[in-house]
Each structure stands twice: as C-alpha cells, then as structure tokens.
Amino acid sequence: MRMMTRFLKTSFVDTFLALSVVLSLPQFLHAQAAVPAAKLSAHWEELTASDFREGIHRSQGTCLLPFGILEKHGPHLPLGTDLLDVRYAALHAADQEYAVVFPEYYFGQIAEAKHEPGTIAYSRTLQLALLQETTDEMARNGCKKVLIVNGHGGNDSLLPFFAQTQLDKPHDYVVYVFDERTPREGGPAKKTKIDMHAGESETSKMMVSRPDTVHLDRATNESGADQARQKIPPDVYTGIWWYTRFPNHYSGDGSVATKELGEFQMKWWIDSVVKAIRAVKADDVSLKLQNEFYEKSTHPLDTQP
Ligand SMILES: [Zn+2]
C-alpha cells in the first residue's frame, strides 16, 4: 500500500523523466557511437600517464611481469623464444582478465648457456638487484600485487628465492610467482619423451605465438638427445648438470612439433595465467599477514607465549 502511494506520488515525475529519456535516446545513441569507450591497453608502455592511473584502478593494483630470457633455443628457434612466448601468454591473459603488463624483461638466470652465441647472462647480484628495483618501482606506481609470469626454465630457482627474500625487510606489496608453461596431460598425443628445451612443446607453442621465427627444417641439424655423462645420484645437485646432459643447449626434438599441439598448450597456458590473475586479485590474506609478520619480526621475543 505504501509502495502504491509512493508510486502515485512520483508517477508524474517518472513519466516526465521517462518521456524525456525516450525523446533524447536517438541523440544519446548517436553521441555514444561517435565517441566509443576507448579500450584500455594492457601494455604499460602504451598507456598515457592518466590512462595508466585508470589501468591500475581497473586491475585493482595487479600487474604482470612476464619474465623471458635471451638464449639459444636449439638450431631452429629464436634467442628470444621464452620472452616472445611468455609475453604472448601474459598479454592474451590480460585481455581476458585485465592487468597492467610490464614491458620486455629478460634479465634472468642463464649462466649455463654462456658458451652459445647470443646469450645475455647477467651476474647473480645484478639479477636480484634489478628484479628488486623493478618490483619496488612497480609497487611505487600502484602495483601492490606483482605477478611474475615465468617463461624461462632457468629461472626456476631464482624466482622462489626472490619471493622468499621479500621477507628480509618490509615491502608494501606482494610478489607472486606463476611458473607453469606446459600442461602435464591432455591434448594431441606427444611423440617425444625428452622435451625440456626447444623440443616438441616449446617449438609447437612458437608455431602459434611467432610462426614466422620458427625454422622447422633446421630442427634436426643438431642433437637434442640426453648425453647422460654425469655419473652421480640424481638427488645430488651441481650447476653443470644441464651441460653434462644437453651440451648443445637443446633438449628434445623440435622437428615433430605441430601447430595443433601448440594451440592446445598455449590455450592452457593463457587460461592458467587468467586463473592466477583472478586468484591474486581475490587474495586479501597475503599482504595482511605479510604486514603482521614484518611487525612481529621487529620484536621476536614477544611472540613467545
Ligand atoms: Zn625456452
């Protein structure tokens, strides 16, 4: 009843307003069509300063740092394979779930390929210092959640170590690491067993991201077979292990790669990054507990009951 009274009271105003909206609708639609809402780029370097601020707002402070490398990739793939692939996956993921994507970054761990042409291997001190200053600068610009999307297998010790050492001293942001590139199962049947570097999977993905840079006819010019020259137990680690097994910096056989396998794997990679972005955006625990931890770590004796 009360609703009815209110309806009667306001019905004249409502009718007037509705009428004016209908009358002005064609004009309104025309104006919308003439000035379409600009699509905000996910590329950090393509945004204007004010669009960058909008991007940080839209991404809820979530930024991606796709991490590549410059190293030999067998006889048939380009030096920047990991950089090209990881940026393809990260940028397509950001298309589905908006995040600001940092420009080309390839300053990682690749000492094991220094004997091959085109490798850029920075010292370990510089790798850590540059990565810290990069994420610090990203955070200073509003990226309070930095998701490192790793495209290079040789970074698999560096990145968890970097994330662990964020506890050294307080930071007002969280570093997340996503380090998966290849699904363990599903999709077109694979033809090779050893497939770690420039092999069937990686070559297939490049046939999707940058087919113009793949020289499939050269993939058998060198051997990517495991030479198994080191005779120590597998649970004893050395830095030279990779060279003892794959001295050509090639592991597997890229010649059997297919676009179909590449499409399956790349879609899986993109979907996985989308899931990671969504999880990071939803995470309201890590920063809170990180701050609690930093505070407690200034007076450890008090944390004992
Ligand atoms: Zn690679």
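At least two residues of the lining of the largest pocket come from each of helix H3 (81–96), helix H4 (124–140), helix H5 (158–164), helix H6 (200–209) and helix H7 (241–245); helices are DSSP runs of H or I with at least four residues, numbered from the N terminus. The model is predicted, with local features requiring pLDDT of at least 70 and side-chain atom pairs pLDDT 80 or more, while totals for chains, interfaces and linings use all residues. Residues are numbered from 1 along each chain as its sequence is written, and side-chain values use heavy atoms, leaving out hydrogens and water.

A pocket is an open set of points, on a 1 Å grid over the protein atoms alone, where a 1.4 Å probe fits, with protein on both sides within 12 Å along at least five of seven lines; lining residues have an atom within 4 Å of a point. The largest pocket has a volume of about 1200 Å³, the space filled by probe spheres set on the points. Its lining comprises 42 residues, with His-152, Gly-153, Gly-154, Asp-156 and Arg-181 closest to the centre.

The zinc ion is coordinated at 1.9 to 2.1 Å by His-73 (NE2), Asp-82 (OD) and Glu-202 (OE), donors being N, O and S atoms within 2.8 Å of the metal (3.2 Å for Na, K and Ca). Asp-82 in helix H3 and Glu-202 in helix H6 are 120 residues apart, linking distant parts of the chain. Asp-82 is buried, at 3% relative accessible area, and Glu-202 is also buried, at 16%; buried means under 20% (1.4 Å probe, protein chains only).

Key
Buried means under 20% relative accessible area, exposed over 50%, partly exposed in between (1.4 Å probe, protein chains only).
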